[in-house]
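Hi,

Here is the structure I promised to pass on. Please have it open while you read the notes below.

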Amino acid sequence: MKQTFRTSFLRRTALALGLLAAAAAQAEPVGEVDTVFKLIGPDHKIVVDAYDDPGVQGVTCYVSRAKTGGVKGALGLAEDKAEASIACRQTGPISFKKPLPAQEEMFTERISLIFKKLRVVRMVDKTRNTLVYLTYSDRVIEGSPQNSVTAVPVDRGTVIPLK
């Protein structure tokens, strides 16, 4: 009985931690605008999502990207365009949960059924005490050179801890 309870407890704990990790990296929709009317299925649109940096409290990244509508978009079979724009801002007091690597992928979101992902990478510019954020898309075979970059300067009184 003890072993069964322990196994069940460990499974529930692992599931809860997995759900928390997934929730931390989830986008929070901010808004959207229609760009092309589609008679059947949702319209093509540009969506804006907010991502709180999981390693830096007080920084939020806003990513805008195209979202394909129509029948394929409604069924999740459409391949969204590779273009994206990013703007990261200080939204509260900046603090660090733990030391940061010099470069780390923070978020990944699927933008096609199998092959394409939108990525956001955080880099630390130690010389200028600044956090640099890059967004780009990649494919299994061929990535896109289209990218967008933004930076959040950190007050000189707060040193960015590096691993």
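**Around Val59**

Setting aside neighbours within four places in sequence, Val59 touches Tyr51, Asp52, Asp53, Cys88, Arg89, Thr91, Ile94, Leu131, Tyr133 and Val152. Do keep in mind that this is a predicted model.

Val59 also belongs to the largest nonpolar core, which has 21 residues. Val56, Val59, Leu131 and Tyr133 are the residues with the most contacts inside that core. Two or more residues each come from β3, β4, β5 (103-110), β6 (116-125) and β7 (130-139). Of these elements, β4 gives the most, with 5 residues. As general background, nonpolar side chains in soluble globular proteins tend to be buried together.

**The disulfide**

How many disulfides does the count come to? The count is 1, and the bond joins Cys61 to Cys88, with an S to S distance of 2.1 Å. The link of Cys61 and Cys88 is right-handed, with 105° about the S-S bond. This pair connects distant parts of the chain: Cys61 lies in strand β3 (residues 56-67) and Cys88 in strand β4 (residues 84-96), 27 residues apart.

Are the two cysteines buried or exposed? Cys61 has 0% relative accessibility, so it counts as buried. Cys88 has a relative accessible area of 1%, and it is therefore buried too, as the cut-off for buried is under 20%. Cys88 is also one of the residues in contact with Val59, which brings us back to where these notes began.

Best wishes

How values were computed
Residues are numbered from 1 along each chain as its sequence is written. This is a predicted model: local features need pLDDT of at least 70, side-chain atom pairs count only at pLDDT 80 or more; totals for chains, interfaces and linings use all residues. Side-chain values use heavy atoms; hydrogens and water are left out. A disulfide is a pair of cysteine sulfur atoms within 2.5 Å. Helices (H or I, at least four residues) and strands (E, at least two) are DSSP runs, numbered from the N terminus. Buried means under 20% relative accessible area, exposed over 50%, partly exposed in between (1.4 Å probe, protein chains only). A nonpolar core is a set of buried Ala, Val, Leu, Ile, Met, Phe, Trp, Tyr and Cys residues joined through side-chain atoms within 4.5 Å. Contact means heavy atoms within 4.5 Å.
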